Structure formats: C-alpha cells, structure tokens
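Please open the structure in your viewer and keep the selection tool at hand. The stops below are meant to be taken in order.

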Amino acid sequence: MDEIRTQDIVNLEDTDADELKRFLAEQNISLKPNELVRIRELFGRDPTHVELHIFNIMWSEHCSYKSSRAVLKKYLPTTGPNVVLGPGEDAGVVRFCTWNGKDYCLVMAHESHNHPSQVLPVEGAATGIGGIVRDVYCMGADVIGVMDPLRFGDPEGRHTKRVRDIVRGVVDGIAQYGNALGVPNYGGDTYFDASYDDNCLVNVVALGIVAEEDVIRSRAPDAARSERYDIILVGKPTDASGFGGAAFASERLSGDEEKERQEAVQVPDPFLKRVLTEATKVVLAEAKTRGVSIGFKDLGAGGISCAVSEMAHAGGVGAELDLDCVVKSPDTLPPEIIACSETQERYALFVPSDFTPVVLKTYNDDFELPHIYSGAGAYVIGRVTRDMRFRLRHRSHLVCDAHVDVITTGIEYERESRARQPNLGASEKTPPVKPTVRKALLELLSSVNIADKSILFQHYDSEVQGRAVLRPGEADAAVAVFLPGHPVGIAAGIGGSSQVAAVDPYLGGLWAVCEAVRNVACVGGRVLAVTDCLNYGDPEQPEVFWEFSEGVRGIGDACRGLEISKSGKHGIPVISGNVSFYNQSEKGQPIAPTPIVAAAGRVDDVSICQNLGFKKPGSKLVLLGEFHDSMGGSEYARLFLGGVAQRPPVPDLKRESSIIRTLVAGLESRVILAAHDISHGGMLVTLAEMMLGSKPFGTGCTIDLKNTPMGEASRERALFTEFGGIVVEIDAKGWADFQTTLDQNNTPWHALGETTGDCSLSVRWNGGELDVSVEDLDTAYRSAGELNRLFA
C-alpha cells in the first residue's frame with residue numbers, strides 16, 4: 001500500500017504557533033486553529049501540504065456551507081410536484097411543459113461572483129457568467145438566457161472613482177462573455193448604496209431547457225459502483241489562475257487595493273467555451289444512444305479536487321487521480337495548484353471505460369481542441385474506486401489520501417445569533433425640508449436607483465437565439481419562447497430590497513420572494529420555482545448571522561405561503577441557490593443584508609405578454625392590493641427622510657396569492673392591457689413609468705384618490721410607499737367580467753382613474769393635486785446624471 005512521504009507532511013502539532021501562523025499566511029490558507037485541530041482528529045495524523053490546501057478550499061464557506069447548511073435545511077421548501085432535482089446539484093430542475101410527446105424541464109442556477117468582481121471587475125463578472133452557464137450545461141440543458149442582479153457602491157460618495165470603475169468593468173465583463181458565447185442577457189436589476197462601496201455584489205442567474213429524459217446528474221452514476229469508470233478532465237490546460245478562489249470568496253476583503261488577491265480571480269475564454277459546449281452535446285447524445293450513464297460537472301470553485309470529490313461523494317464511490325496526467329501550463333506547477341486551481345472552461349466527466357475512447361475522440365479529434373487552444377483537450381486523469389477514498393498522486397507519490405465524506409461534509413458550525421437594531425445611515429442628499437409631491441416625484445425618477453438603466457443593459461445582446469419576447473426594461477420580467485415559433489414562454493424576474501432588509505431582515509426575505517413572483521405575474525407567468533442568492537457579511541458576527549437566518553426564514557415563509565398554482569394547493573419550491581458570506585472589508589462595515597430571489601415560470605401563450613406601458617386612452621386603472629403609509633425601506637425614505645429606520649409594510653401572503661392569481665387570469669383573458677408592480681419609488685413612480693412606456697408615447701392618466709380608505713395625512717404618503725400592490729390597465733369593455741374574477745378570488749382592489757390622451761400625469765387627493773407633463777417625466781427619467789457619468 002502507498003504511504004505518504006514524511007517530507008510532504010505539514011507538522012501542525014509541533015510547530016510554534018507564530019511560525020505556523022506565518023506559514024499559513026504565506027500560503028493564503030485561512031483555516032481556523034480549531035479547524036486544523038479537527039483535520040488532525042479526522043485524519044489521525046498531520047495533513048500533507050496538498051491536503052491542507054484542499055481542506056482550505058473544501059471547508060470554506062463557499063464550498064462547505066458550514067455556517068448556513070442547517071439554516072437552509074430548516075427553513076427552505078425544496079420539493080414539489082414538479083421538482084425533478086432540487087439543491088445539491090449544479091443547478092435545479094423543474095418540469096416545464098410537454099411537447100411532441102416529451103416532457104421538458106426548466107433548469108435554473110444562481111450564483112455570486114462578488115469578491116472577484118470587486119478586485120478585477122471585468123474578469124470577475126465575465127467568469128461569473130462563465131461559471132453559471134456551465135452549471136446549466138452540466139445538467140444536459142441548452143442555456144437560453146442569463147440575468148444579473150447587481151449592487152454597487154454610491155457613485156457620488158466617498159469612493160466615486162472606484163465605484164464607477166467597478167460598474168464599467170462589471171458591465172463590460174458581462175457583455176464580453178455573454179455576447180461572445182451567444183447567450184442572451186434578459187436583464188436583472190441594479191441598485192446603488194454606500195454599503196457596497198467596499199464590496200460590490202455580482203449575482204448571476206442562468207436558465208436552460210432540457211428534455212427530462214436527457215437530464216445529466218453532477219455525480220458519479222450508480223453504475224460506477226459496480227463497473228469500471230474513468231475520470232476525464234476536459235477543457236483548457238490547468239494553470240494557476242483562480243488558485244484559492246473559493247477560500248478568497250469566503251474571507252473579508254482587505255480593503256487595500258494593493259493587497260487584494262488578484263491571482264485568485266479566474267481568466268475567461270468564451271470562445272473556447274462555445275466549442276466545448278458543441279462538443280459536449282455530441283458526447284451526451286452518443287451516451288444517450290448507447291444507453292451509457294455518465295456524470296458531468298463543471299470545474300468551478302476548488303477546481304479538480306472539489307468537482308471530483310463532490311461527484312464521488314454524491315455517488316457513494318471514491319476517486320484516484322494522477323496529477324501527472326493533467327495537462328498543465330506551465331508543466332512545473334506544484335501539486336496543490338494542479339489540484340485546486342480554478343482555471344476556467346473545464347469539465348469533469350465520469351464515464352464507463354469502454355466509452356472513454358468515444359469521449360476522447362470527440363473532443364480531441366472531431367472538434368480538435370488541442371489545435372484550437374494549446375494544451376486544451378480531453379484526458380483521462382484517474383479512475384473511480386469503491387472505497388470512498390479520495391487519493392491524489394504526483395510524480396508517483398501519494399500526496400492526498402482522505403475519505404470523501406471528510407472532505408465534503410467534515411465540518412459544520414452552529415453560529416451565535418443576536419438581533420441587531422435597525423441601522424440606516426443618513427443620506428447625504430437629505431433636503432432641509434420635505435419636498436413637494438412634484439419635486440419628490442421628479443427627484444425619485446432621476447435617482448440612480450430608479451432612473452432609466454438602458455445605459456447599462458444596452459451593452460448586452462438580448463436578441464441572440466431569437467427567443468426574446470420581452471426584453472430588459474420593457475416589463476417587470478423578461479419573457480422568452482420555449483422554442484422559436486413555439487407559443488409557450490419562460491418568464492423570469494428578480495426580487496430583492498436591501499433597504500427593507502436593513503430595517504427588518506425577515507421582511508427583506510419575504511418581500512424578495514413576493515417581488516420576484518409579482519414581476520413574473522405582471523407578464524402573465526405562473527411561477528414554477530425560485531432560486532436565491534444570499535449575500536451577507538461575516539457570519540462569525542452574531543448580528544450578521546441573525547440577519548442571515550431571518551432572511552432565510554422570510555424566504556421560506558413566503559415560498560410556503562404563496563399558493564399561486566392553478567390548484568392553489570402548494571407553495572413555491574427553492575430549487576437552487578448560493579450563500580455568499582464575508583461581504584465586507586477589514587476597513588468597513590458589512591453590506592446591507594441582501595437576499596436576492598430569481599423566479600421563473602411558464603406562460604402558456606406568449607401572445608398575452610404585454611410591456612408595462614399604457615396601451616390606449618379610455619382604459620380603467622385599478623390598484624390590485626391595498627393602500628398603506630409604511631415608508632420603511634423605501635427610496636423616498638432614503639432620499640428624503642434622512643435614513644430614519646421605519647417599519648416596512650408587512651405582506652399578507654393570502655392576499656398576495658389572490659392578487660397574483662387574479663393578475664394572471666386577467667392577462668390570460670386579455671382584459672388586462674398592462675401591469676406594473678409598485679416597487680421602488682411607490683405608486684406615482686409606477687404610473688410615471690407606465691406613461692413613459694406607453695405606445696403611442698405620451699398616453700397619460702387621471703388619478704383620483706379622494707375616496708381612498710385612508711386618513712388625510714396618509715394619502716400623500718401613500719403616493720410614495722412601496723409594495724402596496726400592482727397597478728393594472730383594464731380594457732373598459734372587459735371591466736364587468738374582470739370584476740367577477742376579482743370577486744371569485746376575493747382580491748382587494750381600488751379604482752384609481754383612467755388613461756387619457758393628454759400626455760400628462762394628473763393626480764387629485766384631498767388637500768392636494770399634481771399635474772406633470774410627460775416631457776418633464778421623461779427628462780427626469782432618461783437623463784440621470786449619476787448614471788450617465790458612469791459611462792462618460
């Protein structure tokens with residue numbers, strides 16, 4: 001039996017504490033002292049140099065979920081009648097539709113690339129897109145689109161230049177990768193706040209379609225327990241880029257631009273990815289034809305070690321790898337880098353040995369990978385074993401020998417949790433006196449968080465593949481056809497307000513789900529599943545861990561409480577997601593708690609999908625929902641109330657369910673001509689945006705709030721409160737039928753007024769009135785100075 005050489009061992013027990021600390025720092029190893037003790041306990045010996053790096057990666061928050069695993073399991077619903085695969089795979093899979101006798105599934109993945117994007121914005125954002133599309137490809141799916149929820153620092157604050165450079169770099173990286181790969185970008189959302197000055201958030205979502213019978217698992221197949229299976233590495237030659245990236249993503253940033261670990265950021269290559277994708281389709285098709293079971297996984301965080309050990313663990317097998325069989329650039333890379341580097345554009349495959357020649361021929365000969373990119377190709381690097389051990393050899397010497405359970409699930413924490421008092425910093429733009437309604441509306445429309453974002457998303461290609469029905473900026477959610485020319489569509493939307501979560505993290509989680517689901521419903525989609533990306537600070541701080549736990553609890557309660565299917569008998573499953581901790585620098589505070597939810601659903605006939613703009617004069621305008629005067633977490637409070645913490649509105653999930661079912665029914669019956677969720681900026685901003693999106697341009701509206709069921713002092717506040725409901729334009733001819741739907745669903749509603757042809761927004765309430773021309777609204781909305789200066 002092979003034995004590990006003494007010179008490869010790192011002596012943890014007998015090394016002086018200061019010397020050990022210095023050694024770990026030099027190696028960029030962030031394992032805690034108690035974790036080093038735990039490794040020795042599990043091994044019964046000191047680890048090798050390579051094993052120490054593997055555990056540094058695999059026990060990071062990014063890979064192990066050591067702080068979050070129990071909370072996620074406790075609160076999130078992950079099953080449902082249509083769920084094929086939930087969390088635990090590279091992406092979640094849910095049944096979508098039947099066509100030509102086949103059941104097709106929607107595949108969703110949701111990740112973050114926050115730290116890399118703060119350090120190297122172009123490369124960080126590009127590789128974020130690269131990684132998320134690989135996660136969907138690995139399930140056997142065709143990627144049909146990506147979305148990107150983004151959070152940046154204050155572009156007019158203390159770090160103006162850095163924030164603007166990061167924004168430009170991130171947008172450039174997303175565009176460079178997605179456009180070159182031929183994957184459409186269907187939008188997302190973008191918000192700015194000083195809490196992200198030291199740590200931007202780049203979350204990425206990918207959507208795909210696959211026949212249910214063609215779904216591939218990111219694990220060793222069951223057959224590998226009894227048959228001989230090879231382990232094949234496909235893609236670029238392994239280099240040092242991204243080494244330690246998962247651990248880097250699980251640390252606080254230093255806050256010092258000169259010291260940030262740029263070497264931990266990967267290098268993208270979308271053109272090679274395109275070739276890999278086409279070659280992989282051939283391999284998967286041939287495997288299906290021959291009835292061969294294979295495992296297929298993206299090499300992302302942790303590289304070879306993470307992908308192979310996780311696939312082995314999930315399949316109940318072991319793995320033995322020869323690092324000398326890995327093609328390297330340069331060939332002199334040390335074994336820890338070969339094992340843990342996060343070189344992009346690579347996959348791991350577990351295939352039967354008699355199928356291996358087919359795989360190698362397809363990639364190396366038919367698609368000529370070695371000639372397209374020097375050192376690229378498909379190569380056998382090891383084999384599957386049955387003893388549940390993970391063994392690595394380098395230059396004929398054993399450098400790692402560990403049980404796969406120890407590597408993948410060997411650590412978990414029960415973090416201390418302590419409630420934090422709401423703490424919102426005062427806005428630098430707080431005026432000395434309360435603004436008039438007109439002034440508030442125009443300033444909100446021109447604020448960096450509400451103004452026209454086309455200057456950002458115009459860099460992205462949303463038309464490639466020919467699926468787009470509703471594009472970024474046209475509606476609350478994007479819509480793409482299942483297949484070009486097919487009536488069934490996929491609707492996808494984003495939800496998440498850090499301003500609400502900063503006041504009440506539980507409500508932040510609740511409203512993230514409600515907003516995402518509302519957005520999909522506004523285009524006629526019935527949500528099938530959601531994913532989440534949970535962005536928080538240091539979980540070792542009790543207040544931060546409380547924020548995280550409360551946010552997850554809110555997401556779980558919303559998903560269970562929203563009964564929006566046609567039967568109304570079950571909630572919404574969370575089928576995939578990501579936890580991103582340590583979003584803070586050593587010099588700064590944690591980011592505002594930021595749970596971001598992506599929702600995706602089905603539209604049975606995309607011809608019902610409408611943009612958010614008014615369609616014609618003479619329509620009725622109705623609020624589906626209730627008026628309220630809770631300013632907490634609103635953009636109005638941020639700009640005009642000095643950031644004073646106020647209680648956000650609390651959603652009634654039964655009411656929300658009723659509103660969403662009624663909204664979708666109204667769109668399907670073609671009675672609703674336009675719908676727009678009341679979110680950032682409140683009802684007046686919602687109405688202004690519907691005017692600005694109208695065709696013909698300039699269709700106005702008259703709103704009468706004199707008889708709303710609120711006190712005099714509350715009516716004016718209600719103009720700017722958020723999340724009250726959804727404004728819908730209803731064809732006057734169908735109003736009587738729609739009232740029947742409202743009654744049947746017991747949906748709360750209030751008449752607001754009607755659309756007009758006079759190109760102005762006219763609002764009346766007891767004690768006040770407002771008239772604003774569409775030209776003034778357009779000037780405020782389209783010419784936000786802060787956004788324009790970002791790309792000046």
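Leaving aside its neighbours within four places in sequence, with which residues is Asp 46 in contact? Before selecting, note that this is a predicted model, in which local features need pLDDT of at least 70 and side-chain atom pairs count only at pLDDT 80 or more, while totals for chains, interfaces and linings use all residues. Residues are numbered from 1 along each chain as its sequence is written, and side-chain values use heavy atoms, with hydrogens and water left out.

Select Asp 46, in the loop between helix H2 (33-43) and helix H3 (49-58); helices are DSSP runs of H or I with at least four residues, strands are runs of E with at least two, and both are numbered from the N terminus. Contact here means heavy atoms within 4.5 Å, and the partners of Asp 46 beyond those sequence neighbours are Ile 9, Val 10, Asn 11, Leu 12, Glu 13 and Arg 40. With Arg 40, the contact is a polar one between the two side chains, at 2.5 Å, where a polar contact is a pair of N or O atoms within 3.5 Å, one able to donate a hydrogen and the other to accept it, and residues adjacent in sequence count only if both atoms are side-chain atoms. A polar atom of the Asp 46 side chain also lies 3.3 Å from the backbone nitrogen of Leu 12. Asp 46 counts as buried because its relative accessible area is 12%, buried being under 20%, exposed over 50% and partly exposed in between, with a 1.4 Å probe and protein chains only.

Next, select Thr 699, in the loop between helix H23 (683-692) and strand S22 (700-704). Thr 699 has 3% relative accessibility and is therefore buried; not counting residues up to four places away in sequence, Thr 699 touches Phe 614, Lys 616, Pro 617, Met 691, Ser 694, Thr 755 and Thr 756.

Now turn to the cysteines. With a disulfide taken as a pair of cysteine sulfur atoms within 2.5 Å, the count is zero. Cys 97 is buried at 12% relative accessible area, and Cys 340 is buried at 1% relative accessibility.
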